[in-house]
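Please keep the sequence and the three-dimensional view at hand while reading.

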Amino acid sequence: MKDVDISLPPPALPRGALRPAGWFTRLVASRRFQKWAARFPLTRRIVKSEGEAMFDLVAGFCHSQILQAFVRFDMPRLLLANEMSVEALAMELDVPQDRMAVLLSAAVAIGLLKRRRSGRYALTTRGAALAGVPGLRGMIDHHDVLYRDLADPVAFFRGEVTTELAGFWPYVFGAGGATDPETAAIYSQLMADSQALVAEDTLAMVGLSESRNILDVGGGTGAFLAAVGAAHPHLHLTLFDLPAVAPAAAQRFDAAGLSDRVTIVPGSFRDDPLPQGADIISLIRVLYDHADETVIALLKAAHDALPAGGRILISEPMTGGDSPQRAGDAYFALYCMAMRTGRARSQSEIAALLSQAGFEEIQIPRSRRAFITSVVTGVRKS
Ligand SMILES: CC(C)=CCC/C(C)=C/CC/C(C)=C/C=C/C(C)=C/C=C/C=C(C)/C=C/C=C(C)/C=C/C=C(C)/C=C/CC(C)(C)O
Ligand SMILES: C[S@@+](CC[C@H](N)C(=O)[O-])C[C@H]1O[C@@H](n2cnc3c(N)ncnc32)[C@H](O)[C@@H]1O
């Protein structure tokens, strides 16, 4: 592993870029203070809880691997059917019994399983909830790719890693990359599965009762529009996505009985004009795949395609901006960095891009669950 030398300041920093750490920070970093605080009655509980929190950060990568084993062994499904003993699980999953016992205790320790007096293992609330969150198991399953990309984090943050994740989602490279319908179908399914909660939270934050015609740009295989169609029977639905992706939406709309309310327009927002006629345009988990120049061009195209009074709706996981958050800043920002084509943005950054594209009356509703999605909306005034 390469060491980073933090003792010397990098050359040519601007004035004011450095400031000595505060006295309290230096005190907490001293071993003498730590030893004293661990014994002193008023501070020892803080030392214990800070120590546990630190250990969780240190061991977080093991927790993720326990979670991935739990999912790959399909334990949520098995244990939803029956509570099982270590022997039964070891036999069913072809794992030596002593090693299975270690995995099961680890899963108990991180809150996924509980051990009954009988010795059998059962799902906890959290373990059972995992089984019911659409798309979550698929997302956990594909994390081996991101895990490899982050293996040398110093090189990763320096931009020296040719990340694998960028190849995992092949059609991110634009219309040119989206020529193989079979590959596109696999990735679109993972996107579509994970869309259910995004749609649920987005629709809880944005009212559509005044709208007539919604255009979902980069709408994938139509999971968001299907949810919109079910919640708002008066709306006409238009889906725009790449030619290798958009046609697959027809099946979903047929199955949902929505076909007579839907128009599917294949195309690329990089090369083709956006369809006209919508009074609201949604971009759900689209902007974070793209660089600022592409996003500005897309938002301007959306502005042009809307009538006066028309609305734009952006929904995707966002960073916390000035108040960094775990989901947005310690996960999605790294994920987007590994994708190499876009970046996670804060609600304020997206609001600024909307305003640059000509939108007004920008609203930033409070996120229901920032780990699922956040929303920004704007209006074309004239
Ligand atoms: C009341 C009681 C007693 C108990 C309640 C228990 C209960 C019901 C709990 C439920 C808890 C719950 C709802 C949990 C939900 C957890 C969720 C939703 C976790 C979600 C994690 C999602 C992740 C990790 C998703 C990551 C997705 C990513 C990174 C996708 C990125 C894709 C990109 C950028 C692809 C781009 C390529 C493309 C397609 C070309 O654009
Ligand atoms: C992360 S997915 C989101 C899909 C869907 N909105 C969702 O939330 O499930 C991004 C979508 O943008 C589409 N996309 C990427 N580049 C595009 C382009 N140049 N023109 C139209 N759609 C594009 C992809 O095909 C993909 O369906």
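Aspartate 94 counts as exposed, because its relative accessibility is 71%, and exposed requires over 50%. The model in which this residue is seen is a predicted one.

**Residues with a positive phi**

- Most residues other than glycine have a negative phi.
- Aspartate 94 is placed in the loop that lies between α5 (86-93) and α6 (97-109).
- Arginine 285 is likewise a residue other than glycine with a positive phi, near 55°.
- The loop between β6 and α16 is the place of arginine 285.
- Is arginine 285 buried or exposed? Arginine 285 counts as buried because its relative accessibility is 11%, and the cut-off for buried is under 20%.

- Glycine 207 is found in the loop between α13 (195-205) and β3.
- Glycine 207 counts as partly exposed because its relative accessibility is 48%, which lies between the limits of 20% and 50%.
- From glycine 207 to leucine 89 the separation is 118 residues in sequence, and 48 Å in space from C-alpha to C-alpha.

**Nonpolar cores**

- In soluble globular proteins, nonpolar side chains tend to be buried together.
- Which members of the largest nonpolar core touch the most other members? They are Leu283, Leu299 and Ile314, in a core of 26 residues.
- At least two residues of this core come from each of β3 (213-217), β6 (280-284), α16 (292-305), β7 (311-316) and α18 (347-356).
- Helix α16 gives the largest share of this core, namely six residues.
- Leaving aside residues up to four places away in sequence, isoleucine 314 touches Leu283, Leu287, Leu299, Ile350, Leu354, Ser374, Val375 and Val376.
- Another core, of 25 residues, lies apart from the largest one; Ile214, Leu239, Phe253 and Leu258 are among its members.

**Surroundings of ligand 2**

- How many residues surround ligand 2? There are 17, and the closest are Gln195, Gly218, Asp241, Ile284 and Arg285.
- Glycine 218 places a backbone N or O atom 2.8 Å from a nitrogen atom of ligand 2.
- Isoleucine 284 likewise has a backbone N or O atom 2.7 Å from a nitrogen atom of ligand 2.
- Aspartate 241 takes part through its side chain, in which an N or O atom is 2.7 Å from an oxygen atom of ligand 2.
- On its own, ligand 2 has 590 Å² of accessible area, and the protein covers 96% of this area.

**Cysteines**

- The structure holds zero disulfides.
- Cysteine 62 counts as partly exposed, because its relative accessibility is 36%.
- Cysteine 336 counts as buried, because its relative accessibility is 3%.

How values were computed:
Residues numbered from 1 in each chain as written. Chains lettered and ligands numbered in written order. Predicted model: local features only at pLDDT ≥ 70, side-chain atom pairs only at ≥ 80, totals over all residues. Heavy atoms only, no water. Core = buried A, V, L, I, M, F, W, Y, C linked by side-chain atoms within 4.5 Å. Buried < 20%, exposed > 50% of the residue type's maximum accessible area, 1.4 Å probe, protein only. Helix = DSSP H or I, 4+ residues; strand = E, 2+ residues; numbered from the N terminus. Contact = heavy atoms within 4.5 Å. Disulfide = S-S within 2.5 Å. Near = heavy atom within 4 Å. Polar contact = N/O pair within 3.5 Å; in protein donor to acceptor, adjacent residues only side chain to side chain. Areas by Shrake-Rupley, 256 points an atom, 1.4 Å probe, with all protein chains shown as cover.
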